Amino acid sequence: MAQGNNCRRYEDDLSGFVDQTLPARRVDQVSEHLVRCPKCAASVEELRRVRSRLNSCQGIAPLPSSLAERLQSIAGGECDQPLYVTVRDSSDCHGVGGRLMRGGMAVTLALATLVMLSLALGKEPAAVADPVRSAREQYSLALTTINVNQGVGAVQWARERGARPGEATQVSPRAIDLGESTPIDESTAMARLSSNGRDITYSGLQRVWLMDGDGAHRSNDVEIDVVAGEGTSLTVLDATGARFLSWFVPTMGCCSPVVETGWQFYAYQDTDLVAGRAASVLEARGDGYVVTRWWLDTDTGLPLWMERYDTTGRPTLVSGFQSIDIGRAQLATNSTVPYPMESVSTSTASTAGWCIGLPECPLQLAGLPLVAHARTGGEETSFQKLVYSDGVRTISVTWTPGTLVNGPRVSDDSLGLPHVSAWQAGDGVISVATGGSRALLATACHELPGVHEKGFGLWERLSSGFGRLVGIG
């Protein structure tokens, strides 16, 4: 898609965007521009790298020599008076005492001024005003790393960036006339689902219907090109069919099958036809109702169609290929990478410094393995992003430095949207999002650090201001 934006309108805001000093509305505007402008996005990444390098040198920094000059300028004309002298004669006592007093007053004045300056310069933690929206954005990006859900994640993320969906409609469940369904072993079902056709090269057009808060479904199309072992190009189309957003997701190697979903699995005897290809139907049931159905390509195992339902049987999420070409794909050359994710391995987990903010980044959460992570920003503005998935269920965890605005904890489980919970945990905010059940969300939250409010009192303000004054904060 053509850039269509004037970079000059945003050049002066890039530094403030990295430092998190822009108003929330301007942050959204700059974020949307960065998605469309690789040049400005590269500038932001360079600013973040420079800031990170500077901050990495701050650990045990000595006080700068310029501090003495600053204190001397504060002390004024008394700065040349010694704080002590050698007493040689009793007749000099009066002069010595005067000098000591003047010197002591000068230092006291300098220290008092230093304290006042430190308090004035004290920088309060960044306000985390809308963690629910941010958590859902991160969950959408997490889904793009999981093959079966890439189109869904792409549409969710693009809509957060302003992509116009189609007209409101009511989507009915896909007709099932495939004979009787028979129970199958959970481990067998999960093995079929978690493979997700990840070793298959293909291209196609997928349509995604998402249920909004008003209970209506609205769709967007996604052009998908997957090259096995390399990655995926995703391009979301708006309601007019114009390309709105395009980005590249490298292959993550997800996922290992995990059982104990709490679901009962069934397979239908006959096959259905999706985008001209034969598909077998797999069904998951839980708590007395159908949770999800998958239409899996009989030749490759690739999910061709998927529907998720509420307790009344109404679809809350539907995605399916309108056309697909197995064995052929062309990765886009102009795709961006909003937040580069890295696969998690044993070597990653043992590398010092990869996990920030959290006391530890667990390799398993709510029974799901950690499959990808990302760290963005500098020392003071670093964000930790973690993705847990078994290929079917996915959890996104984000640690954001700052203070939660509306109390120590917020939660949201709006109809048709990922469930979210966010809370204050010391110096930052932990946000958890999932499209799975509320029970899955509750388990994940329970396994992470609990609520711990962080105050910003006199001592924290003084420390922050002094660090900024002497150039180490």
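Figure 1. Ser 203 touches Ile 224, Asp 225, Ser 323, Ile 324, Asp 325, Arg 328 and Ala 329, not counting residues up to four places away in sequence; contact means heavy atoms within 4.5 Å. Strands (E, at least two residues) and helices (H or I, at least four) are DSSP runs, numbered from the N terminus. Ser 203 counts as buried, at 17% relative accessibility. Buried stands for under 20% relative accessible area, exposed for over 50%, and partly exposed for values in between, with a 1.4 Å probe and protein chains only. This is a predicted model, in which local features need pLDDT of at least 70 and side-chain atom pairs count only at pLDDT 80 or more, while totals for chains, interfaces and linings use all residues. Residues are numbered from 1 along each chain as its sequence is written, and side-chain values use heavy atoms, with hydrogens and water left out.

**Figure 2. The crossing of helices α6 and α7**. Helix α7 is formed by residues 150-160, and its axis comes within 7 Å of that of α6, the two crossing at roughly 145°. Axes are lines fitted to C-alpha atoms, for helices over the stretch in contact, and angles run from 0 to 180 degrees between N-to-C directions. The crossing is left-handed, a term for a near helix turned anticlockwise from the far one by less than a right angle (right-handed if clockwise). On the α6 side the contact is made by Arg 133, Glu 137, Tyr 139, Ser 140, Leu 141 and Leu 143, and on the α7 side by Gln 150, Val 152, Gly 153, Gln 156, Trp 157 and Glu 160. By class, five nonpolar, four polar and three charged residues take part in the contact of α6 with α7. Ala, Val, Leu, Ile, Met, Phe, Trp, Tyr, Cys and Pro count as nonpolar, Asp, Glu, Lys and Arg as charged, and the others, Gly among them, as polar.

**Figure 3. Leu 143 in helix α6**. Helix α6 spans residues 131-143 and includes Leu 143. Leu 143 is buried, with a relative accessible area of 3%. Leaving aside neighbours within four places in sequence, Leu 143 is in contact with Asn 149, Gln 150, Val 152, Gly 153, Gln 156 and Thr 394. Leu 143 and Gln 156 are 13 residues apart in sequence, and their C-alpha atoms are 9.4 Å apart in space.

**Figure 4. Trp 294 and the nonpolar cores**. The largest nonpolar core has 59 residues, and those with the most contacts inside it are Tyr 202, Val 222 and Trp 294. A nonpolar core is a set of buried Ala, Val, Leu, Ile, Met, Phe, Trp, Tyr and Cys residues joined through side-chain atoms within 4.5 Å. Apart from neighbours within four places in sequence, Trp 294 is in contact with Leu 193, Trp 263, Phe 265, Ser 280, Val 281, Leu 282, Glu 283, Ala 284, Trp 305, Met 306 and Val 392. A second, separate core of 22 residues includes Leu 358, Cys 361, Leu 370 and Ile 430.

Figure 5. Beyond neighbours within four places in sequence, the contacts of Thr 271 are Leu 178, Ala 279, Ser 280 and Thr 298. Thr 271 and Thr 298 are 27 residues apart in sequence and 8.4 Å apart in space, C-alpha to C-alpha. Although not a glycine, Ala 275 has a positive phi of about 50°, and at 30% relative accessibility Ala 275 counts as partly exposed.

**Figure 6. Asp 287 in the loop between β8 and β9**. Strand β9 covers 289-297. Phi of Asp 287 is near 55°, a positive value in a residue other than glycine. Asp 287 is exposed, with a relative accessible area of 77%.

**Figure 7. Glu 360 in the loop between α9 and β13**. This loop runs between α9 (346-349) and β13 (364-365). Glu 360 counts as exposed, at 57% relative accessibility. Glu 360 and Pro 449 are 89 residues apart in sequence and 9.4 Å apart in space, C-alpha to C-alpha.
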